[in-house]
Amino acid sequence: MTGVVSYLVFFACVVLILGIVTLGLNLQWGFTGLFNAGVAGFYAIGAFTHAILTAAPQPQYLGNFGLPWIVGVVAAMAATAAAAWLVGVLTIRLRGDYLAIASFGIAVSIQLVTLNWEALTGGSQGITRIPKPLAGVFDTPLAFNLWYLALLAAIVGALYVALERIVRSPWGRVLRAIREDEAAAIALGKSARRYRLEAFVLGSTMMGLAGALYASFIGFVSAFDFLPIVTFQVWAMLIVGGSGNNRGALLGTFVVWGIWTASGALVTKLVPPTYAAQGAAVQVILIGLLLVLTLLFRPQGLIGEEAVVSRHAKD
Amino acid sequence: MFARLSPTEPLLLVQGLAKSFGSLVAVDGVDLAVREGTITGLIGPNGAGKTTLFNLIAGTLAPSAGTIVFRGERIEGEPPDRIFRRGLARTFQIPRPFPQMTVLENLMLVPLAQSGERFWNNWLRPGAVAREERAARARAMEVLDFCALAEKAQTPAGQLSGGQLKLLELARVLMIEPKLILLDEPAAGVNPALIETLLERILALHRRGVTFFIIEHNMDVVMRACDPVVVMAQGRVIYAGSGEGARRDRRVLDAYFGDLPE
Ligand SMILES: Nc1ncnc2c1ncn2[C@@H]1O[C@H](COP(=O)(O)OP(=O)(O)OP(=O)(O)O)[C@@H](O)[C@H]1O
Ligand SMILES: [Mg+2]
C-alpha cells in the first residue's frame with residue numbers, strides 16, 4: 001500500500017515538473033507560434049546549472065560548489081534565460097523554421113557537451129549528491145516526496161495563474177496577434193522580433209526552472225536524462241493536451257507521461273532484458289501513435305484551444 | 001529639432017523608387033508626391049506595380065533604389081512597424097485580420113506604446129494598464145461605431161464577410177491617428193451598400209484632416225473621391241493630374257486598352 005502511494009506521489013512530482021516544461025513550450029508555440037525543437041537543451045541547462053552549483057563538493061569535479069538550493073534554482077533560471085536569449089537573438093530574426101533547426105542543433109550540442117565535459121558534468125557518470133531542499137526536516141523518502149509534491153503544486157499553481165493572466169494582458173494579445181498573422185502585427189506597429197524574443201526567453205526560463213526542480217528532486221542528473229526524446233515527449237504532451245491552452249498542456253503532460261511510464265513498466269515486465277532496446281522503442285512508438293491519432297482525429301488536442309480574450313475586451 | 005514641413009513640401013515624396021524581383025522590374029523609377037489634405041488615387045492595370053509600390057512605402061519590401069520622404073524624413077528601408085509608428089498606416093489588398101481574436105481585440109491591439117505591452121508593467125503597474133485598456137476599449141467602440149462594425153465587436157474576426165473585413169482593415173488603422181493612410185483596393189469585393197458606407201467614412205476622415213493614398217479599380221469611387229489621380233503602368237507613373245484628365249489621356253487609354261488607332 002505505501003509502495004503504491006509513494007509511487008503515485010513520485011509520479012505526480014515528475015508530472016508537475018514536466019508540466020512546467022510543457023507550460024513553457026505552450027507560451028512559445030501555443031501562444032506565439034515559436035517552434036522550439038530544443039526543449040531538452042534548455043531543460044538540461046537548468047538541471048546542470050543547479051547540479052553544478054549545489055552538489056556536494058568532490059575533488060574530481062570543477063563545480064559542485066555546495067551552494068544553497070535557492071541559489072541553484074535562481075541561477076538555473078538565469079543561465080537558461082541567457083542561453084535562450086542568445087539563441088533567440090541569433091535565430092529569431094531569421095525565418096521560423098530556422099529557429100527549429102537551430103534550437104534542435106543547440107540541444108544536441110548541449111547534450112554532447114554534458115556527456116563529454118567530465119570534469120564539469122561528470123560525463124556519463126553524471127552528477128550525484130545533489131542536495132534535496134529540507135531533506136533534513138522530511139527525512140523519510142515518502143515524507144520528502146510529499147513535501148516536494150506540495151512545493152511543486154504551489155509552483156505550478158502560481159505559474160498557471162500567472163500565465164493565464166499574462167496571455168489575457170496587452171502583452172499576451174500582441175503574442176497572439178503575431179501567432180495569427182505576423183506581417184499584419186508588424187504593419188500595425190508591433191515589433192514582432194521583440195515579442196518573439198521575450199516569449200522565447202520566458203518559456204525557456206520555465207524549462208530551466210523545471211530542470212533545477214528535477215535535479216533537486218532526483219538528486220542525480222546525467223546527460224542521458226536530456227536526449228532529444230525529451231523534446232519529442234514534451235511536444236507530444238502539448239499537442240495531445242491542446243496547444244494554446246494551459247490546462248491542456250498540464251493534462252497532456254499527465255496523459256503522455258502516464259502512458260510512457262505504464263508502457264515502460266509493462267515492457268520491463270514482459271520483455272526479456274536482452275530485448276530492452278526494442279522494448280524502449282515500443283514506448284516511443286506508442287507515444288508517436290498517440291501523437292498521430294491526435295493530429296488525425298482531434299487536432300485541437302484533448303481540451304482544444306480556448307478562446308483567449310483580453311481581460312478588458314470581454315463582454 | 002523637428003523637421004518642419006514647409007507648406008509646399010508634400011507629406012509623402014517618392015523619388016526614383018525601384019524594385020525588381022529577379023529579372024522582373026515591378027516598380028521602375030517612380031516619382032510621385034502625396035500632398036497633405038488630399039485623397040490621392042492610384043490606378044493602373046493589373047500587375048502595374050501598385051501594391052508593390054505600397055509595400056515599398058510601408059516598409060514591407062526594401063527598395064532596390066530610390067528615396068521615400070515622409071513628413072520631411074527619409075524612411076526607405078525602415079521596418080514596417082517603425083513606419084506605422086510614424087503615422088503612416090496601410091491596409092492590405094487581401095485583408096489580414098487576426099481571425100481568432102474578436103473584432104474588438106483586433107482594434108485594442110493597435111494603440112501605440114501601451115503600458116501593458118511591456119511584460120513587467122502587467123505585474124508592477126496593473127492600475128495603469130487597466131486604465132489604458134478601458135480607454136482603448138472605449139476608443140475601439142467609437143471606431144467600430146464609425147465603421148458600422150459595432151455589432152460585431154465580440155465576433156471572432158475570422159467570421160466577418162469580405163466587405164466587413166475591408167472595414168475592419170480601415171478600423172484597425174484608425175485606432176491611432178495616422179497622418180497618411182494607404183488603402184489597397186478598399187472597395188474590391190465589397191457590396192454596393194457597404195461601398196457607400198466606406199466612401200462616406202473616407203470622406204468624413206478626410207474632412208478631419210487625414211490624408212489618403214488609395215489604390216482602387218472602381219472608377220466610380222476614384223472619380224468621386226480622388227484628386228489628384230496617379231496612373232501607373234508597367235512599373236512607371238504615366239500620368240498624374242485630375243481624374244477627368246486621366247480619362248482623356250492618350251497614354252492612360254493605351255495602358256488600359258492597348259494601343260488605340262489614331
Ligand atoms: N513578391 C513578389 N515576388 C515576385 N514577383 C512579384 C512579387 N510581388 C509582385 N510581383 C510581381 O510584380 C508585378 C506587380 O505586382 P503588383 O502586385 O504590385 O501589381 P498591382 O498593380 O498591385 O496589380 P493588381 O491591380 O492586380 O493588384 C506583377 O507582375 C507581380 O507578379
Ligand atoms: Mg495590387
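Modeller: Take A148(B), which has a relative accessibility of 48% and therefore counts as partly exposed. The cut-offs are what decide this: partly exposed is the class between buried, under 20%, and exposed, over 50%. Keep in mind that this is a predicted model. A148(B) sits in the loop that joins α5 (126-146) to α6 (162-173) in chain B.

Q234(B) is not a glycine either, and its phi is positive, near 50 degrees. Q234(B) is found in the loop between β9 and β10 (236-241) of chain B. Q234(B) has a relative accessible area of 71%, so it is classed as exposed.

P228(B) lies in the loop between α8 (219-225) and β9 (229-233) of chain B. The peptide bond that leads from D227(B) into P228(B) is cis, with omega near 5 degrees.

Chain B also supplies the residues listed as closest to ligand 1. The shell around the ligand has 13 residues, and the closest are N46(B), G47(B), K50(B), T51(B) and T52(B). By type, the shell holds four nonpolar, seven polar and two charged residues. The side chain of N46(B) has an N or O atom 2.9 Å from an oxygen of ligand 1. For the side chain of K50(B), the corresponding distance to a ligand oxygen is 2.8 Å. For the side chain of Q93(B), it is 3.0 Å. Ligand 1 on its own exposes 630 Å², and the protein buries 61% of that area. The elements of chain B that give two or more residues to the shell are β2 (24-34) and α1 (50-58). The largest share, three residues, comes from α1(B).

T22(A) belongs to helix α1 (residues 2-30) of that chain. Its relative accessible area is 0%, so T22(A) counts as buried. The side chain of T22(A) makes a polar contact of 3.0 Å with the side chain of T253(A).

Burial can also describe a whole helix. In helix α7 (residues 170-180) of chain A, 10 of the 11 residues are buried, so the rest of the structure largely encloses this helix. Among the buried residues of α7(A) are P170(A), W171(A), R173(A), R176(A) and E180(A).

Helix α12 (residues 276-297) of chain A contains V282(A). V282(A) is partly exposed, because its relative accessible area is 41%. It is part of a nonpolar surface patch, together with L286(A), L289(A), V292(A), L293(A), L296(A) and F297(A). The accessible area of these residues together is about 670 Å². An α-helix has 3.6 residues a turn, so residues three or four places apart point the same way.

Definitions and conventions. Residues numbered from 1 in each chain as written. Chains lettered and ligands numbered in written order. Predicted model: local features only at pLDDT ≥ 70, side-chain atom pairs only at ≥ 80, totals over all residues. Heavy atoms only, no water. Patch = residues over 30% accessible without salt bridge, like charges linked within 9 Å, V, L, I, M, F, W, Y side chains within 5 Å. Areas by Shrake-Rupley, 256 points an atom, 1.4 Å probe, with all protein chains shown as cover. Salt bridge = Lys/Arg side-chain N within 4 Å of Asp/Glu carboxyl O. Helix = DSSP H or I, 4+ residues; strand = E, 2+ residues; numbered from the N terminus. Buried < 20%, exposed > 50% of the residue type's maximum accessible area, 1.4 Å probe, protein only. Near = heavy atom within 4 Å. Polar contact = N/O pair within 3.5 Å; in protein donor to acceptor, adjacent residues only side chain to side chain. Nonpolar A, V, L, I, M, F, W, Y, C, P; charged D, E, K, R; others polar.
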